[in-house]
Amino acid sequence: MKSSSLPRLRDFRRIVFFTGAGLSAESGVPTYRGQGGIWNEYDYRDYACQRAFDRSPDKVWDFHDKRRASVMACLPNDGHALIAAWQGKEPRTTVITQNIDGLHQRAGASRVIELHGSLWRVRCDRERVTRADESVPMAPRRCACGAYFRPDIVWFEDALDPETLQRAHDALEECDLLVTIGTSAAVYPAAELPRLAMAAGATTVEVNIEDTPMSALYTHRPRERASEILQRMASSAVR
């Protein structure tokens with residue numbers, strides 16, 4: 001650990017929580033890589049890219065319906081709850097997440113930038129329509145125009161939405177504290193985004209159970225469960 005002490009959340013006004021699969025893993029949501037990771041069992045070329053969807057939309061939807069059912073059975077954990085509660089205290093707090101599970105919102109967070117979209121939205125590219133949808137299994141699979149809805153998530157080989165990416169840039173460049181939680185720092189361009197906060201002089205904390213390719217750049221690098229570290233960072237604010 002580069003620094004043994006942890007910053008107190010109450011000492012900052014523009015906090016960004018940058019979250020990845022490691023945070024939701026505490027709720028039982030499978031990660032994407034590593035032991036038990038989704039992409040160790042499934043080939044994204046068959047289930048999570050536009051080419052696969054164009055070939056066999058029903059096969060892709062069958063896969064995503066299983067993911068929906070699995071995620072819906074999971075509950076936000078103490079880390080999600082603490083982040084949402086802190087956002088309630090300090091409205092300038094922003095969540096930037098690589099997760100598509102919607103657990104931040106289910107915990108009560110409101111200012112959430114979803115870099116990779118949401119499992120709980122669908123879109124029709126023909127009609128250019130996007131809508132929320134929490135049905136499990138998702139139905140109907142076709143839009144009124146006859147085209148298939150597709151999950152409104154960033155699949156492999158997709159580009160990030162420019163407007164969403166700009167919102168993330170703005171939040172990171174303006175924050176005074178960046179708390180990165182449970183990210184592998186292996187998925188680009190998301191992995192590079194924390195550098196914006198570092199370049200702007202923010203205090204930085206990487207919460208993870210193991211080192212990542214970005215670890216050496218963080219001021220603080222606690223190696224414990226996210227919920228425990230967040231509680232320690234917030235506990236000093238209890239009066």
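A search of the whole structure identified 1 cavity of 30 Å³ or more, a cavity being a set of points, on a 1 Å grid over the protein atoms alone, where a 1.4 Å probe fits but cannot get out. The structure is a predicted model, in which local features require pLDDT of at least 70 and side-chain atom pairs count only at pLDDT 80 or more, whereas totals for chains, interfaces and linings use all residues. Residues are numbered from 1 along each chain as its sequence is written, and side-chain values use heavy atoms, with hydrogens and water left out.

The largest cavity holds about 50 Å³ of space, the volume being that filled by probe spheres set on the points. Its lining (residues with an atom within 4 Å of a point) comprises Phe 18, Thr 180, Thr 183, Ala 185, Ala 190, Ala 191, Pro 194, Glu 206, Met 214 and Tyr 218. Of these residues, 7 are nonpolar, 2 polar and 1 charged.

Glu 206, one of the lining residues, is located in strand β8 (residues 203-207), strands being DSSP runs (E, at least two residues). Glu 206 counts as buried because its relative accessibility is 1%, the cut-off for buried being under 20% relative accessible area with a 1.4 Å probe and protein chains only. A polar contact (a pair of N or O atoms within 3.5 Å, one able to donate a hydrogen and the other to accept it) links the side chains of Glu 206 and Ser 215 at 2.6 Å. Beyond its neighbours within four places in sequence, Glu 206 is in contact (heavy atoms within 4.5 Å) with residues including Thr 180, Met 214, Tyr 218 and Arg 221.

Technical notes:
1 Å grid on protein atoms, 1.4 Å probe; cavity = no way out; pocket = protein on both sides within 12 Å on 5 of 7 lines; lining within 4 Å. Nonpolar A, V, L, I, M, F, W, Y, C, P; charged D, E, K, R; others polar. Helix = DSSP H or I, 4+ residues; strand = E, 2+ residues; numbered from the N terminus. Buried < 20%, exposed > 50% of the residue type's maximum accessible area, 1.4 Å probe, protein only.
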